[in-house]
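Let's explore a protein model together, one question at a time. Take a look at it first, then read on.

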Amino acid sequence: MSENKNRLSGQPADAQRPEQNTPAAESAEEILARINVDEIGFPPDLVENILSDLESSAAAVAPAVETPEPLTDKPSAAPAPSSEPVEAQPQAEAPAAQAPAAETAAEQSETEAEPAQPEPAAPQEQPDTEAAAQPEQTAEQAPAESEPAEAQPEDNTETETVADETPASDQNEAESTEATEAPEQAPEQSEAESEQPPVTETALTVSDANADETAGMTLIERAKYHARMRRREQTRLRRENARREAAGGEAVYQPMSPIDMRLTLIRLGIAAIFLVAGLLLRQAGVAFALYLIAYLITVLPVAAKVAYHFTHGKYFDEYLLILIASLGAFLLRHYPEASLVLILHSAGQIAGDLVLSSTHKSMTRQTITVPDKASLVNMKGEEHQVSPKEIRIGNFVLVRSGERIPIDGVVLRGEGTVDDAVLTGDSEPLQVEKDIHVLAGGIYTGSLMLLRATARFEDCAINQILHMQEEGRERKASLEKSVTNGAARFIPIMVVLAVLLSVIPPLFNSGTSITEWVYRALSILVVCCPTALLISVPLCFLCGNGRLSQKGIHVKGSEAIEKLAELRMAVFDKTGTLTEGNLRVKEIQATHDFNQESCLALAAAAEQLSRHPVARAVVAAYEGKPQKISEFEEFPGRGVRARIGNRNLLVGNRRLMVSRGVKGVPEIRGTVVYVAYEGDYAGAIVLEDTIRSEASEAIKGLKSQGVLRTVILTGDTESPAQQTADAIGIDTVHYGLQPEEKASKMEFLMRTIPTDGTSAYVGDGVNDLDELGMADVGVAMGAAGSQQTAAAANVLILTSNLNRLTDAMRISRRTHGIAMQNMAFVLLIKLLLVLLTVLGVTYMWQAVAIDVLLTVLTVLNSARILGIK
């Protein structure tokens, strides 16, 4: 990843910028997580022993199902307590017993998982520890073990039914209450009741996190279930809209529910029957009564919405225009048209909602979730169920086939695949093997997998996405805001113009009655209804956001889409962004007093405590074990100083050597680590990096989409930076920059390079938070960021594939273009209708019908965004 910043050219490691990336006092477990897996120093058979214990326990459970005899655990190399492992216990224990056990297990696993090489406890102390822990475990298990095993399925069914009808907050309170009361009830159980019952088949069942929740239901039960889910979603949206309106924000468009849609159709059908009856009996005396009933059926819901909006401070909207127009038409004795306008308006809403719902179904549902519980494993191979928020960096987590991964981590053992398309946009599942990094939220399929957590739950990639989505709701594109604000200001102006139109022309034209001009003015109000415009333009950006998410590109609202569409300058970080970031030793140049092996050994000894990518590359190249050092000092952006015995070592770039007075240091092109021993130059180690294979194609794609200037900001020396730029087609290179110099250079570029659009900075989100926040579009690539990354960046791409930049710009340009099409098309038709209405050519009901047609056409045009390749 692009945390691999070249320290040799003056850029410090990410550890030297705690104010941006990490807390001031970083805990030992967080430091441990940032070290490569191979450097942790696990006991050779630790991982194998943990997995062997778990697999042997699962194998021992199977015979216990057939015979009621108690289980005998298979001994393993890892020490295990005398009590039965957690995975061999029935999973149908009461929630009251699980909560305290999970907390105790989490604390124990944190204490035991922190050291890299845990020391085995003395044999004489282990029985005392187990004896102290045994009464507590027995007390917690007693309430659940006193119930017969045959009653478990019925109890589970009742629990699911209650949970389905109870809000989540009530369930959490109930569970916490039961968990608190359980330890007090446990001492009342007898010793005979505390014995372990035979393990049932339910204990061996692993719930599939991706299973269909309606499986096994009848047709009626499934329909009721989906109806209940829809009602909950409608309620959630209503509450969210009420909260937004109370805070002065914009409410999210909420389509009609199927039940409301059917009731509206029934109401419109009844109104249409009365309207037709009035037309048939217009010569009779009951015609007016029939017209009045039809009008009241259709106008009362509209009047109720106008009253509701008035009470919430929203005075001018489409409902007010329709209400004024229909009421005016009724008072002008245009009884059939007054009801017809309302019927067409309601039918248009239903038609628009149908198209909207089908459009939303076409979008891939982004089910970014993590499991409620995670299987935490300690050094003894004991498994405990904890919340993902309780997992600490360095803890071991067990994931079974079919489960979602609860935390970002690196795989220690396991073979299979991970489906993380929702996060990364990759259609092909990720092949899992040792040392592969996996992300929380992905669905794992394969053998038993053990991983080590490398991030806190708050810093997981999935939480970065959710943070960007939450913040992006308030970040609207200027085009979207202009449409919304323009419509709010346009409606009162049109009301005033309609009043003037109904009064002024009759004063100068006696040939046309004032009633005719009032009717035309009312028709103009109908023409100016902004329904099509207010739906189609925001829907374009919604579809664009959905399409980007399908590609694994997560943006912060429609504002980021608009800025990507107008991108004209792209500034890149080099190491880890344009290159692979995997530095390796290319050449060792030693003096006549030192050979290559001794020069590398001295450099590895001095660099062994540094976290910088250059130091890791040097230590990884040395096959032996580095010598112990007595002193260590790191100079950000230059190198390190160490002491072996009473000898001083100096390892770093040429700038460090010159500042410390080392003589005879040659100037070597490229990424070079110089070594000095007791103040004398000993040799140099030349490193190299690999340019990403798709980098050249990505740069060409950006330029074809309208990017006029590409720039590299790097701390590398001139030679490797220029070679990278020439290889992939970068226009300008700024090299040898310190971290603070990068931010000032980015500000300089944004001020001095004239463009007619926006600028973007592309980095990894670890060492370049200032640049990401400064650019118009901050693009963080890879999953190495944190909460600060999600706050600073506008675009988050969880892969390092640079072609996603081209995809992001192409989809954004297409989205913005279709939104402009919708706006221009609607405004042009509206203007034409206004002219025809003033001339008396268009009727009121025709204006409503055309507005309905415009809504459907623009929504269908917006849906084309979902088909962008």
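Q: How many bridges join strand β11 to strand β18?
A: Strands here are DSSP runs of E with at least two residues, and helices are runs of H or I with at least four, both numbered from the N terminus. Two strands pair if DSSP finds at least two bridges between them. Residues 567-573 form β11 and residues 709-713 form β18; the two run parallel, and the number of bridges joining them is 5.

Q: Where did this model come from, and how are its residues and atoms treated?
A: Residues are numbered from 1 along each chain as its sequence is written, and side-chain values use heavy atoms, with hydrogens and water left out. Local features need pLDDT of at least 70, side-chain atom pairs count only at pLDDT 80 or more, and totals for chains, interfaces and linings use all residues, since this is a model that was predicted.

Q: Which residue in β18 is the bridge partner of methionine 569?
A: Strands of a sheet pair through backbone hydrogen bonds. For methionine 569, the bridge partner in β18 is arginine 709.

Q: Which strands stand at the edges of the sheet?
A: The open sheet has 7 strands with mixed pairing, in the order β10-β22-β21-β20-β11-β18-β19. Each edge strand has a single partner, so one side of it is left without a neighbour in the sheet; these are β10 and β19.

Q: Within what arc do the buried residues of α24 fall?
A: Buried means under 20% relative accessible area, exposed over 50%, and partly exposed in between (1.4 Å probe, protein chains only). Pro739, Lys742, Ala743, Met746 and Leu749 are buried in α24. Judged by the directions from the helix axis to the C-beta atoms, they line one face of the helix, because their arc is 125°.
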